[in-house]
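Here's a walk through a two-chain model, written for someone who would rather look at the picture than at a table of angles. Keep the viewer open as you read.

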There are 2 protein chains.
Amino acid sequence: MPRKTTVAQKNTIARISKKKHFQHLPWSSIEKEHLSPLLDRHFVVGNQAMLARVLLKKGCVVPEHSHPNEQITLIVEGALKFWIDGKVIVVKAGEVLVIPPDMPHKAEALDDTVDFDVFCPPRADWINKTDRYLRIK
Amino acid sequence: MPRKTTVAQKNTIARISKKKHFQHLPWSSIEKEHLSPLLDRHFVVGNQAMLARVLLKKGCVVPEHSHPNEQITLIVEGALKFWIDGKVIVVKAGEVLVIPPDMPHKAEALDDTVDFDVFCPPRADWINKTDRYLRIK
């Protein structure tokens, strides 16, 4: 029996279909997902890239993971410690980190942090909510 | 006779070759281009996307143009007025604008503005400095 399409799924389908119109949105109008007690996130999705606004409370740990999507991380408040490519680095407000596709990385928020992440192409696991490594119930 | 490769060209070639290493940079370490009396810009380039930090003084006008690259514009300070798709909109700090490929747009800074622009794929005309519509001597 075919499953019913939920409103969330319909929204996802609308978002990932080819968009020919511009999207103008205040972040405050984009519903945040509360992924864990220390992690909230919302994002906009284009045809070729997505931009996420990620809010991490001090002590939030993003377990090691990798993805085929190129990532560009822009920190505007706070700081994230990264374990990446055999090195440990701290990316602070006013700094940028470009992570090539498929490079494993782990992160920890050293302070309450506002982070914008570009992914190219858009992260299907974020759109489809199958990113279980980030979700703590 | 083959032209000499300048240092700038070598840097460009290095930047647009396939990168397998992460890049971690403070924006303050990335040289800004002074494109006009009201417009400065610097950027990082990945394999699939680029992220530019664009500083526009109040009154700066970016003439109407279009490009095949998808654009995601994130305003963190100030405001930009856009003429796009037959509409006039104001994108303020805390808002985001997704511009599909090949959609003509013009912008004017209503205040001193800090704008981050994602382009996917990276803008060859910005990398190669052939974006004459932005440059006023």
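Asp85(A) sits in the loop between β7 (79-84) and β8 of chain A. This is a predicted model, where local features need pLDDT of at least 70, side-chain atom pairs count only at pLDDT 80 or more, and totals for chains, interfaces and linings use all residues. Residues are numbered from 1 along each chain as its sequence is written, while chains are lettered from A and ligands numbered from 1 in the order in which they are written. Helix and strand names come from DSSP runs (H or I of at least four residues for helices, E of at least two for strands), numbered from the N terminus.

The phi of Asp85(A) is near 55 degrees, which is positive in a residue other than glycine. Asp85(A) counts as partly exposed because it has 14 C-beta neighbours inside 10 Å. For the cut-offs, buried takes 20 or more other C-beta atoms within 10 Å of a residue's own, exposed takes 12 or fewer, and partly exposed is in between, with C-beta atoms placed from the backbone.

Over in chain B, Asp85(B) also has a positive phi near 55 degrees, in the β7(B)-β8(B) hairpin with its 2 residues between the strands. Lys129(B) has a positive phi too, near 60 degrees, again in a residue other than glycine. You'll find Lys129(B) in the segment after α2 of chain B, and it's partly exposed because 14 other C-beta atoms lie within 10 Å.

There are cis peptide bonds to look at as well. One joins Cys120(A) and Pro121(A), with omega about -5 degrees, and Pro121(A) belongs to the loop between β11 and α2 (124-127) of chain A. In chain B, a cis bond joins Cys120(B) and Pro121(B), also with omega about -5 degrees; Pro121(B) is in the loop between β11 (113-120) and α2 (124-127) of chain B.

**The fold**

Chain A has 2 helices and 11 strands, and from the N terminus on they run α-β-β-β-β-β-β-β-β-β-β-β-α. Of its 137 residues, 33% count as buried. Among contacts in chain A between residues at least 6 apart in sequence, 64% join residues at least 24 apart. Contact here takes C-beta atoms, placed from the backbone, that lie within 7 Å.

**Strands and pairs**

Strands of a sheet pair through backbone hydrogen bonds, either parallel or antiparallel. Two strands count as a pair here if DSSP finds at least two bridges between them. These are some of the antiparallel pairs:

| Strand pair | Bridges | Facing residues |
|---|---|---|
| β7(B) and β8(B) | 6 bridges | Lys81(B) and Val90(B) |
| β7(B) and β10(B) | 5 bridges | Phe82(B) and Ala107(B) |
| β6(B) and β9(B) | 5 bridges | Gln71(B) and Ile99(B) |
| β1(A) and β9(B) | 4 bridges | Gln23(A) and Val98(B) |

**Where the chains meet**

How many residues does the contact take from chain A and from chain B? It takes 35 from chain A and 35 from chain B. On the chain A side, the elements that give two or more residues are β1 (23-26), β6 (70-77), β8 (87-92), β9 (95-99) and β11 (113-120). β9(A) gives the largest share, 5 residues. By residue type, the chain A side divides into 22 nonpolar, 8 polar and 5 charged. Nonpolar means Ala, Val, Leu, Ile, Met, Phe, Trp, Tyr, Cys and Pro, charged means Asp, Glu, Lys and Arg, and the others, Gly among them, are polar.

The same surface serves both copies, as 100% of the contact residues of chain A recur in chain B.

Conventions. Two residues are in contact if their C-beta atoms, placed from the backbone, lie within 7 Å.
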